[in-house]
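I opened this notebook page to record what I looked up in the structure. The entries follow in the order in which I made them.

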Amino acid sequence: MNGLMQSIWGLLTTSGVLPNALVRGVADALDADASRTEPAAADGEDIRQTRQGDSDAYRRLIERHQAHVAKILWRFSRDRAIHEELVQDVFVEAYLSLNSFRGNAPFSHWLARIATRVGYRCWKEKARQKDAEPFSLAEWDQIADEKEAIERIDADQAAGLLHGLLEKLPPRDRLVLMLRYIEGCDVAETARRTGWTRTMVKVQSLRARDKLKKLVERSGMELI
Amino acid sequence: MNWEEKFMLLAARARTEEVPQVNVVPEVLTLLSSGQAEPLTVAENLWMWLAAGASAVAVPAAVVAISVYNASMGPLREIVNSISWAM
């Protein structure tokens with residue numbers, strides 16, 4: 001079927017019946033689609049080889065996905081040493097449970113779930129030790145309440161500020177706010193990443209937002 | 001601008017942040033090849049489930065045994081035992 005479609009497409013493009021812009025657009029879309037399916041196919045093959053004990057295949061998987069995992073975990077720890085350890089933990093944990101990966105969803109989604117779990121565990125340990133870095137709401141207040149002023153702030157300064165602010169909340173509230181508002185995940189994606197139900201995500205989001213509101217309204221006071 | 005709008009704008013700004021590059025390939029492969037991180041074998045898994053099951057049964061059994069023992073050793077029970085000839 002694909003062969004027939006390709007032949008028809010070839011005839012149409014070479015005969016000049018279709019406008020050039022349309023031909024280019026379709027070609028671009030096909031290329032993009034191919035680039036999306038290529039890693040998935042490569043992942044599948046590498047996972048199969050890793051299960052058979054090929055460490056080179058796992059090296060390829062790590063190389064392909066470590067930037068994505070690092071990006072997720074940077075929201076959980078902004079300390080470079082801890083961040084790197086967490087990325088390592090994700091790939092060790094992924095290797096140990098590779099047999100449970102059924103391939104229903106892309107490998108990157110499965111890794112994202114593990115990364116979220118590893119990051120959340122790190123937050124819970126940190127919360128138990130109560131060694132949150134000092135953060136004063138003065139930093140929040142110093143930023144002018146104007147759109148233009150906020151858009152001029154460095155991205156890492158904005159991320160650091162939100163990281164410090166959310167650190168004042170319990171890990172559960174912090175997780176849902178981070179995923180929903182900083183990562184920009186929708187309810188379904190948040191549910192998938194956390195393993196919660198959608199209702200639970202919605203309820204937790206509301207509670208966490210209320211806590212955050214109370215927190216920022218206590219402006220200038222010593223926090224928690 | 002309320003706090004929430006400010007938060008959203010900062011979050012949008014934070015999303016564009018560049019993440020530090022990492023290369024964990026050597027560390028992960030070293031860790032895995034050293035055998036420090038090995039998946040559980042089928043036998044180990046079986047033992048683990050067996051241990052979990054045994055603990056799940058043992059704890060309620062201990063609670064029941066303690067409560068039965070306490071009930072049978074209460075002061076009222078001792079009195080009843082000591083005057084059992086009268087019954």
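I began with the contacts in chain A (heavy atoms within 4.5 Å): among those between residues at least 6 apart in sequence, 58% join residues at least 24 apart. I note that this is a predicted model, in which local features need pLDDT of at least 70, side-chain atom pairs count only at pLDDT 80 or more, and totals for chains, interfaces and linings use all residues. Residues are numbered from 1 along each chain as its sequence is written, chains are lettered from A and ligands numbered from 1 in the order in which they are written, and side-chain values use heavy atoms, with hydrogens and water left out.

I then looked up the secondary structure of chain A and found 11 helices and 0 strands; helices (H or I, at least four residues) and strands (E, at least two) are DSSP runs, numbered from the N terminus.

I next checked burial, where buried means under 20% relative accessible area, exposed over 50%, and partly exposed in between (1.4 Å probe, protein chains only). Of the 224 residues of chain A, 39% are buried.

I turned to helix α1 of chain B, residues 3-15. In α1(B), the buried residues include Trp3(B), Phe7(B) and Leu10(B). The buried residues of this helix pack against α6, α7, α8, α9 and α11 of chain A.

Lastly, I looked up Ile83(B), which lies in the segment after α4 (75-82) of chain B. Ile83(B) is partly exposed, because its relative accessible area is 37%.

Definitions and conventions: The expected span of a helix is 1.5 Å times one less than its number of residues.
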